[in-house]
Amino acid sequence: MVDGVRASAARALAKATGQALGPYQSAVVRIGFAGTWLFFLLREFPHRAELYGPDGPWSWALAERLLASNGAFSVLMWSDSALWFEIVYGVCVLASAGLLLGWRTRATSVVFMIGVLALQNRSVFMGDGGDNVVHLMAIYLVLTRCAQVWSLDARRARLRGSASAGAAGPVLWAVLGAVFAYGAATGRFGAGWLAAFAGLWVVCGLWWLVDRYEAEGEGRAVLDVLANLLHNAGMLVITAEVCLIYATAGWYKIQGSRWQDGTALYYPLGLDYFTPWPGLSGLVASSGTVVMLLSYGTVAVQVAFPFTLFNRRIKNVLLALMMLEHAGIAVLLGLPFFSLAMIAADAVFLPTGFLVWLGVRVAVLRPGWGAAAGSRAAAAAAAAAAAEPSPVPR
């Protein structure tokens, strides 16, 4: 029995260190959250100064006092000038687009995280539950190798032999290093953030050097093992976070009297803020049966989902229901960015076979690229079909 446990542990360790699990899931999470944040920034571009800038009700001085007390980080607090705000907002847009496309992902994921933290920590009362999810996932994505597929980095690696090929990587690394050096020299970072950013910057530089000059050596093998461990830990944290979100949401709902009597959905449908389509909201609210079924169904799905991860078929059914629920929230209650964030988080549980199939369908729409991508995806689909199902998505 002891030998069996040791053998199982050895196999698990070999798998965790030998490959970055869930390449398609991490890619779709990357695309989902980068796209959600990018669309939000573009949608609110005319109102950016009121939300996060000098024209907002939450002044720069109030934000400075709050961040001094809670130790949060925001590069917007480096200066109260309007020009600095515009620069940071513009960089946030560019970083979101870069992460969405998977361009120089090791760097853009860090800049994306800094941008999310900068805006959200600057105006803490402007967000909702979806913003909290984006906040957390922006940090977790830094830990993952989320550009193995469906990215410009993967395309560069395929065409030029290395994802770090080209001069853009070193230039970007040097620019970010200069910004980091300025922040460190002027005391803009707390001790924890200083250590974190210094570590990230050094590791990115080391990775480039090893990838360029010792691509087949032991140094690269060691870095791959460490990167795989970090990636798999990050994916595990993401899956646990999503389960925690649904479990806490469901169990808190159970304690509410309006959820217990099945009328909880009726009340927001009567508020102007949550009725972008008054006629549709009125139609749903007019049926007590529909309101009761939606209210009870929401609680049942949220409470049950974490317990279904070990049964692939039931998990996939509830996953589809939750995604449909969030799509309904986007339309019915007028919360599109919250819904997009939750759907992106849910995507970590999508089956590999479905994602590969989806990639093939998208690939065939692009002339000249569909055949090559289709053959690669077909091979991946065959490998995915042969794999044993696992609670942690591949």
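Me: Why does Arg220 count as buried?

Reply: The model is a predicted one. In it, Arg220 has 16% relative accessibility. Buried means under 20%, so Arg220 counts as buried.

Me: What makes the contact of Arg220 and Asp211 a salt bridge?

Reply: The side chains of Arg220 and Asp211 meet at 2.2 Å, N to O. The rule asks for a Lys or Arg nitrogen within 4 Å of a carboxyl oxygen of Asp or Glu, so the pair qualifies. Both Arg220 and Asp211 are buried.

Me: Which salt bridge do Asp224 and Arg220 form, and how are the two placed in helix H11?

Reply: Their side chains meet at 3.1 Å, N to O, and the cut-off is 4 Å. Asp224 and Arg220 are 4 residues apart in helix H11, which means that about one helical turn separates them. Salt bridges with shared partners join Arg145, Asp211, Arg220 and Asp224 into one network.

Me: Why is the pair of Phe40 and Phe337 called edge-to-face?

Reply: The count comes to 22 aromatic pairs. For Phe40 and Phe337 the values are 5.4 Å centre to centre and 85° between the planes. Phe40 lies in helix H2 and Phe337 in helix H16, so the pair ties together parts 297 residues apart in sequence.

Me: Are Phe40 and Phe337 buried or partly exposed?

Reply: Phe40, with a relative accessible area of 12%, is buried. Phe337, at 23%, counts as partly exposed, because buried requires under 20% and exposed over 50%.

Me: What makes the pair of Phe73 and Phe197 tilted?

Reply: The planes of Phe73 and Phe197 are 55° apart. Stacked needs under 30 degrees and edge-to-face over 60, so tilted is what remains. Both Phe73 and Phe197 are buried.

Me: How do you know that the buried residues of H17 line one face?

Reply: They are Thr352, Leu355, Val356, Gly359, Val360 and Ala363. Seen down the axis of H17, they fall within an arc of 140°, so they line one face of the helix.

Methods
Residues are numbered from 1 along each chain as its sequence is written. This is a predicted model: local features need pLDDT of at least 70, side-chain atom pairs count only at pLDDT 80 or more; totals for chains, interfaces and linings use all residues. Side-chain values use heavy atoms; hydrogens and water are left out. Buried means under 20% relative accessible area, exposed over 50%, partly exposed in between (1.4 Å probe, protein chains only). The arc is that of the directions from the helix axis to the C-beta atoms. Rings of Phe, Tyr and Trp (its six-membered ring) pair if their centres lie within 6.5 Å; planes under 30 degrees apart count as stacked, over 60 as edge-to-face and the rest as tilted.
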